Amino acid sequence: MGSFNTVKIFSGSQSEYLAKDIARYYGKELGGYTLRKFSDGELSPSFEESIRGCDVFLIQSTFPPADNLLELLLMVDAARRASSHYVTVVLPYFGYARQDRKDKPRVAIAAKVVANLLTSVGVDRLITIDLHAGQIQGFFDLPVDHLEGTSIFVPYIKSLNLKNLLIASPDMGGAARARNFAKFLNVDMILCDKHRKRANEIASMQVIGDVEGMDVVLVDDLIDTGGTLCKAAEIIMEKGANSVRAISTHAIMSGNAHENIANSVLEELIITDTIPLKQHNPKIRVLSVAELFAKAIGRIRDHESISSLFINYQ
């Protein structure tokens, strides 16, 4: 075995709450890092310790505002110019992932733009979890370790010991994700078919499948205003379900999301900490991704396979 380079873990200014836990699980302190701002808002990041020849892991989710993404890009550039050996970006939440294709004329494919930006500043590797669309991995010409929330959520769902468990997708686009959960839990799944008039506004929705007397768990990759999940939960209960819960990896929780969840028929909403919650909500349970990312960092550092972190290999 050859010698390993020193690992150093740093956090952008908006993900420190999670990065501290990732570093703790890995067994290291976060590295010294400062973000200065000019009076007009211009960002100036700097590392406060030598990273020459080190394997550097930079942790920062790119949830709004866009400053988070720009800070990350500048961090990568600073690490490159400081002669780091290898730069891995740990992106718990990949912002702009919803814009992954042209769904109408004359629109941007923002996920590809973000991929190009990260590649252009010299990222060597990317670690993320539950991308809105798995094919976004193909936007990068570098290794992408795409972790799955199933390894966190499935054990929790099993612990609930629900009698008549049924997995549901709140829309057709999430069918593959819901099918994965159903397979790991060895239960059936149903679909909700929604039609939108415009972004964040649902025109109609119907349930495909029988939910009578079932304990339904809705599975989605992200929750924004909560409109889709709450509407799906309402219709499922109207169709005779016994209970309905929801799982969502990335809790954007914009607009009236907290109010929508609190007033919904959902028993609980189970999320992760890829994005920080701005307020307490009694219906929301947060499961941490910190240990999963720490294990991924350890395996990458030791040049080991990360396949053992996926639930289907356990």
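Predicted model: local features only at pLDDT ≥ 70, side-chain atom pairs only at ≥ 80, totals over all residues.
Me: How do you know that the span of helix α2 agrees with its number of residues?
Reply: The expected span is 1.5 Å times one less than the number of residues. Helix α2 (residues 67–81) has 15 residues, so it should span 21 Å. Its end C-alpha atoms are 21 Å apart, which agrees.

Me: Which residues of α2 are buried, and what covers them?
Reply: Buried means under 20% relative accessible area, exposed over 50%, partly exposed in between (1.4 Å probe, protein chains only). In α2, the buried residues are Asn68, Leu69, Glu71, Leu72, Leu73, Met75, Val76 and Ala79. Their cover includes strands β1 (7–11), β2 (33–37), β3 (43–47), β4 (55–59) and β5 (86–91), and also α3 (110–120).

Me: Why is Arg245 called buried?
Reply: Its relative accessibility is 12%. The cut-off for buried is under 20%, so Arg245 counts as buried. Arg245 sits in strand β12 (residues 243–251).

Me: What makes the pair Arg245 and Glu268 a polar contact?
Reply: A polar contact is a pair of N or O atoms within 3.5 Å; within protein, one must be able to donate a hydrogen and the other to accept it, and residues adjacent in sequence count only if both atoms are side-chain atoms. The two side chains make such a contact at 3.2 Å. Setting aside neighbours within four places in sequence, Arg245 also has contacts (heavy atoms within 4.5 Å) with residues including Leu160, Val216 and Leu266.

Me: Why is Gln137 called partly exposed?
Reply: Gln137 has 29% relative accessibility, so it counts as partly exposed. Gln137 lies in the loop between β6 (125–129) and β7 (144–147). Not counting residues up to four places away in sequence, Gln137 touches Leu131, Val144 and His146.

Me: What makes Gly213 partly exposed?
Reply: Gly213 has a relative accessible area of 33%, and is therefore partly exposed. Gly213 is in the loop between β10 (201–208) and β11 (215–223).

Key
Residues numbered from 1 in each chain as written. Heavy atoms only, no water. Helix = DSSP H or I, 4+ residues; strand = E, 2+ residues; numbered from the N terminus.
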